[in-house]
Amino acid sequence: TIPNTAMRQGIAETDKEKEKVAMKFLVFGAGVLGCNLANNLFRAGKDVTLLARGPWADEIRRNGLRIKNTLSRRTAVNPIPVAAELLPGDDYDVIFVAVRYTQIETILETLRASLAKTMIFVGNNVRASETAALLLEKNVLFAFTSAAGHRESNYVASVDLRKITIGPLRNAPSQEALVQEIFAGTKYKVTYEPNMEDYLLCHAAFVLPAVFACYKTDGDLKKLKRDNAYLNRLIDANIEGYRAIRNAGHEILPDADKEFEDAAYRKTCFRFFKLMCATALGKICASDHAMNAVDEMSALNRDMKAFFDVTGAKYPVWKTLEAECGSYLR
């Protein structure tokens, strides 16, 4: 009896310890990225809440979060808890900030007042150092996920490859153990990147030329599938951006892009842009978001050009492509 009692007490204490260390997550933002992230964490058994507002929040509360895979046509439905706001006393451990680039400044005070110690900004950001500097009392990380698509009135239509690149700013203390703990048990393929500032700069230098193509064609990239000269200009603009980033003392990331001025890099990019314009890949991965987030893309482009100008970079092809976007960019 005594051993069994001791065993039961030990199990009870272990269970309490598990409850004590279980992390509580908030996904702040219920667009495509936030919904997929919340869905994946929830399916892994994580304690996750999704911050959503208005009719979309009501829809999730009534019918669950519905995510339809645009390639397989399968729909996942999960009863994810929804919060309408983040209050100072809410006891989250980690907040994934999955709002648009243009919305970050508007929620900084709310994030600063939160009890959560770790903030992970998910998505485009070419001012990562400035963002982190405004939250000095927090543990700030940045991430980029491989999910794309759009939101309908009652479901999210997207493709999610369940890949995420995540880490802190360069020279910050390692967060690799924390990242492993956060994603333990999920189906994410996690790439830990200790220099997310440069990673995000490089991502913007690659993705913005593709955005220019979306605006040139009013979202119909198939108009460009035979325009090889234009596709090569997209690569030229990307290379201008990478050259400016490298010359300013930043690292070119991912590592596969380091030899960006070689013929092999141009060949790989040309194949990608060709595929993007000839198949549904372009709509899913590029034009859906570009056409629905013109304000974000405009701000990203403005800040990228400001970076070029401050560092004395030359970017004539970039400017030419931008000029062909009509009234989209401002």
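Which strands each supply at least two residues of the lining of the largest cavity? They are strand S7 (118-122) and strand S8. Helices (H or I, at least four residues) and strands (E, at least two) are DSSP runs, numbered from the N terminus.

This is a predicted model, in which local features need pLDDT of at least 70 and side-chain atom pairs count only at pLDDT 80 or more, while totals for chains, interfaces and linings use all residues. Residues are numbered from 1 along each chain as its sequence is written, and side-chain values use heavy atoms, with hydrogens and water left out.

Stay with the cavity. On a 1 Å grid over the protein atoms alone, a cavity is a set of points where a 1.4 Å probe fits but cannot get out. A pocket is an open set with protein on both sides within 12 Å along at least five of seven lines. Lining residues have an atom within 4 Å of a point. Grid points are joined across faces, edges and corners, and a volume is the space filled by probe spheres set on the points. The count comes to 1 cavity of 30 Å³ or more. The largest cavity has a volume of about 50 Å³. Its lining includes Val97, Ile104, Phe121, Phe142 and Leu200.

From S8, move on to strand S9. S8 (residues 139-151) and S9 run antiparallel, joined by 9 bridges. Two strands pair if DSSP finds at least two bridges between them. S8 and S9 form a hairpin, with 4 residues between them. Glycine 149 has serine 158 in S9 as its bridge partner.

Strand S3 (residues 65-69) runs parallel to S9, with 3 bridges. Here lysine 68 stands opposite alanine 157. Strand S10 (residues 189-192) also pairs with S9 in the parallel sense, over 4 bridges. In this pairing lysine 163 stands opposite lysine 189. From S9 the chain crosses through helix H6 (residues 176-183) to S10, in a right-handed β-α-β crossover. Right-handed means that, with the strands pointing away from the viewer, the path from the first strand over the helix to the second runs clockwise.

How enclosed is strand S9 by the rest of the structure? Of its 12 residues (156-167), 9 are buried, so S9 is largely enclosed. Buried means under 20% relative accessible area, exposed over 50%, and partly exposed in between (1.4 Å probe, protein chains only). Arginine 162 lies in S9. At 28% relative accessibility, arginine 162 counts as partly exposed. Its phi is near 55°, a positive value in a residue other than glycine.

Helix H2 (32-43), S3, strand S4 (75-78) and S9 each give two or more residues to the lining.

Past S9, asparagine 171 sits in the loop between S9 and H6. Phi of asparagine 171 is also positive, near 75°. At 76% relative accessibility, asparagine 171 counts as exposed.

Now the aromatic rings. Rings of Phe, Tyr and Trp (its six-membered ring) pair if their centres lie within 6.5 Å; planes under 30 degrees apart count as stacked, over 60 as edge-to-face and the rest as tilted. The count comes to 14 aromatic pairs. In one of them, phenylalanine 96 and phenylalanine 183 have ring centres 6.1 Å apart and planes at 65°, so the pair is edge-to-face. Phenylalanine 96 is in strand S6 (residues 94-97) and phenylalanine 183 in helix H6, so distant parts of the chain, 87 residues apart, are linked. Elsewhere, ring pairs link Phe212, Phe307, Phe308, Tyr315 and Trp318 into a cluster.

Tyr315 also meets a charge. Lysine 319 lies over the face of tyrosine 315, at 4.6 Å from the ring centre. A charge sits over a ring if NZ of Lys or CZ of Arg is within 6 Å of the ring centre and within 35 degrees of the ring normal.

One backbone detail remains. The peptide bond from leucine 253 to proline 254 is cis, with omega near 0°. Proline 254 lies in the loop between helix H8 (228-247) and helix H9 (263-278).
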